[in-house]
Amino acid sequence: MTGITLKEVRKSFGATEVIKGIDLEIEQGEFVVLVGPSGCGKSTLLNLIAGLETLSSGDILIGGRRVNDVPPRDRDIAMVFQSYALYPTKTVRDNITFGMETRRVPKAAQAAALEEFAGLLQIGHLLDRKPGQLSGGQRQRVAMGRALVRKPEVFLFDEPLSNLDAKLRIEMRTEIKKLHQRLGKTVVYVTHDQIEAMTLATRIAVMDEGHIRQLADPATVYEDPVDLFVAGFMGSPPMNMLSGRLVRDGGMAVLCGDGPTQLRFPLPDRIANRVAGAEGRDIVLGLRPETIFAAGTQLPGPDRFVFERPVVVDEPTGPDTMIVFEIAGQDLIARVRPQDARPGGTVFRFEVEMDRAKLFDAKTGLRL
Amino acid sequence: MKQASGIVRPKGWRQNVQRVLLFVVLGLFCIYYLVPLFVMVSTSLKSLAEIREGTLLAPPRAISTDAWAKAWNSACVGVRCNGLAPYFANSVFMVVPAVLISTFLGALNGYALTKWRFRGADTIFALMLFGAFIPFQVILLPMARTLGELGLAGTIPGLVFVHTVYGLAFTTLFFRNFFIGVSSGIVQAAQIDGAGFFGIFFRIVLPMSIPAIVVTVIWQFTQIWNDFLFGIAFTVGESNPVTVALNNVVNTSTGVKEYNVDMAAAIIAALPTLAVYVVAGAWFVRGLAAGAVKG
């Protein structure tokens, strides 16, 4: 059993509290991604698990053992750093075997482990080079090799892909996922890239200002965010956030804007029931871009709402085109098929899947 | 003239005139700096008679190395007439351990101050920096007292001790500033890989700091070899370093003034620093190049 348990973990640097009481239970073999904006404390939390920072208070258990006072070397962990942190004066071979060297692993076992992972990571032909002679992707592989080769029970990744170019990042992302499936070890992975979080994680912990806002599997975090922060952070382009007011006039609805351009978004029963009795309250209506599309271009479904607005700009991305339009002075993005796109200035008929709309309290930001 | 590569420059007669002017000025500066060296070398190769007849700038008519031989092994330093050789050896015995110890301790200090941050590290560093600004005349008396207590007064090991202590401020400064630029991730990675304080220092950090080591060695060697104040204050007669001995050769008040021997002796005393600069300088440039491509 080598899960990780965090109990009321706190960390302060001087007077600044960076981690404000985090409880987290990570099961054996899980792939947990800590995601959040810069400065949210995710890297600090990882360093606390690694033992590179000392806890201010709370407990950390790895595999049931309390490791608060155990130095990094004795925690049975390996870590991949954002900067790779390869030893510049050592060859790739010595970089990878250094950890076994310091632990006095017999030479034969070292060679066997080196061979196994050099083959797995396809770096066998690079073993005699120095890190300075490698490309970014190769360095990344060596850094992974150095972590894997000791076969620890827990892997910690600190934004390992953020220094790679876009194409390589996607390749390495897939490889990390394959490696995890193959080795089945516990992984804690830090990133600020919500797509990495979505694609890799078995569970995502969305962090903000030293707290975990939501801890759930990727689908839940995406479709069922607990508050405005999580909803806004996950998804690209981000969720549209529309300020409005909850009204009941022949069924619950959200009123946005006023005057002739006012829009009335009717709420389906499922959502209406959840907010029953909250009429008149100021709320935020969350609509993901992919739930707004050109009217009549998708199979008809229940609870669709159709409205017209002029296109402000259109942004082709290839597979889809983003159409920016305005409601009550706020920019919204709709995700339409390229053939449905129209240039700026034309009036466009939009269709919204109201069943996937999310309501948030305007004051607290919490999901309703 | 064809420009192979580099920044595009304007062409035309004005530019040509400016470049000629530039090189004339640079040439004049070169001559200005090189003339004294030329006079020293040429004088040291002349005989006394030739020095008296000729002018200062005239090259030697008949090259003679007698003055060099005399400066090395028979010139009179004070009352002993063994030349500079024994004092040169004194300087070597002083400079080698002093440079090695102060450089090593400086590297260790810089590493501890930057990569193993502890409470008060900045204060300690600031206090150490004071050492770089203390005029050495101020500490002559207390240091003489200290050396006496330690039983090192008037000896080469005593001089090694003094130079090590007062070199630490600079060597620590050099290494601290170098290690500040070394990624802390490397040290963290090594910690997770299971290496301890000294393991990381010797196996990871020190091999990375060749450029800093070379700069520090050049600096320390030049400072310590050329030192006169500590040499004359803390050693006596036989244990004098070569700088003090050179002074005694040149300032001898008896007999004929042997300019050729003086010049040869001065060059001999200066050669090691030149040699270190040439040899280590090549390493220095190589170290910089290695640093430029490191990951």
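Predicted model: local features only at pLDDT ≥ 70, side-chain atom pairs only at ≥ 80, totals over all residues.

Student: How many residues of chain A and of chain B are in contact with each other?
Tutor: Contact is judged here between residues of the two chains, by the 7 Å cut-off on C-beta atoms. The count is 22 residues of chain A and 17 residues of chain B.

Student: Which elements give two or more residues to the side of chain A that touches chain B?
Tutor: Helices (H or I, at least four residues) and strands (E, at least two) are DSSP runs, numbered from the N terminus. By class, this side of chain A has 14 nonpolar, five polar and three charged residues. Here Ala, Val, Leu, Ile, Met, Phe, Trp, Tyr, Cys and Pro count as nonpolar, Asp, Glu, Lys and Arg as charged, and the others, Gly among them, as polar. The elements that give two or more residues are β6 (77-80) and α2 (92-102) of chain A.

Student: Which residues of α2(A) are buried?
Tutor: A residue is buried if 20 or more other C-beta atoms lie within 10 Å of its own, exposed if 12 or fewer, and partly exposed in between, with C-beta atoms placed from the backbone. The cover over the buried residues of α2(A) includes α3 and α4 of chain A. Those buried residues are A:Val92, A:Asn95, A:Ile96, A:Thr97, A:Phe98, A:Gly99 and A:Met100.

Student: Is A:Gln122 buried or exposed?
Tutor: You will find A:Gln122 in the loop between α3 (107-120) and α4 (136-148) of chain A. Its phi is positive, about 55 degrees, although A:Gln122 is not a glycine. Most residues other than glycine have a negative phi. Because A:Gln122 has 11 other C-beta atoms within 10 Å, it is exposed.

Student: What does A:Glu209 count as, with its C-beta neighbours inside 10 Å?
Tutor: A:Glu209 sits in the loop between β9 (203-208) and β10 (211-216) of chain A. Phi of A:Glu209 is also a positive value, near 50 degrees. Since 15 C-beta neighbours lie inside 10 Å, A:Glu209 counts as partly exposed.

Student: What is omega for the peptide bond from A:Ser236 to A:Pro237?
Tutor: A:Pro237 belongs to the loop between α8 (228-233) and β11 (240-248) of chain A. Most peptide bonds are trans. The bond from A:Ser236 to A:Pro237 is cis, with omega near -5 degrees.

Student: How far apart do the C-alpha centres of domain 1 and domain 2 of chain A lie?
Tutor: Domain bounds come from an automatic or database domain assignment. Chain A is divided into domain 1 (4-227) and domain 2 (240-361). Their C-alpha centres lie 40 Å apart.

Student: Which element gives the most to the side of domain 1 of chain B that touches domain 2 of chain B?
Tutor: In chain B the assignment gives domain 1 (13-64) and domain 2 (85-293). Seven residues of domain 1 of chain B are in contact with seven residues of domain 2 of chain B. On the domain 1 side, α1 (13-44) and α2 (48-53) of chain B each supply at least two residues. With four residues, the element giving the most is α1(B).

Student: Why are α5(B) and α7(B) described as oblique to each other?
Tutor: Angles under 35 degrees count as roughly parallel, over 145 as roughly antiparallel, 65 to 115 as roughly perpendicular and the rest as oblique. Axes are lines fitted to C-alpha atoms, for helices over the stretch in contact, and angles run from 0 to 180 degrees between N-to-C directions. α5 (residues 121-133) and α7 (residues 156-180) of chain B pack with their axes 7 Å apart, at an angle of about 125 degrees. The pair is therefore oblique.

Student: Is B:Thr172 buried or exposed?
Tutor: B:Thr172 is part of helix α7 of chain B. Leaving aside neighbours within four places in sequence, B:Thr172 is in contact with B:Gly106, B:Asn109, B:Gly110 and B:Met128. Because 26 C-beta neighbours lie inside 10 Å, B:Thr172 counts as buried.

Definitions and conventions: Residues numbered from 1 in each chain as written. Chains lettered and ligands numbered in written order.
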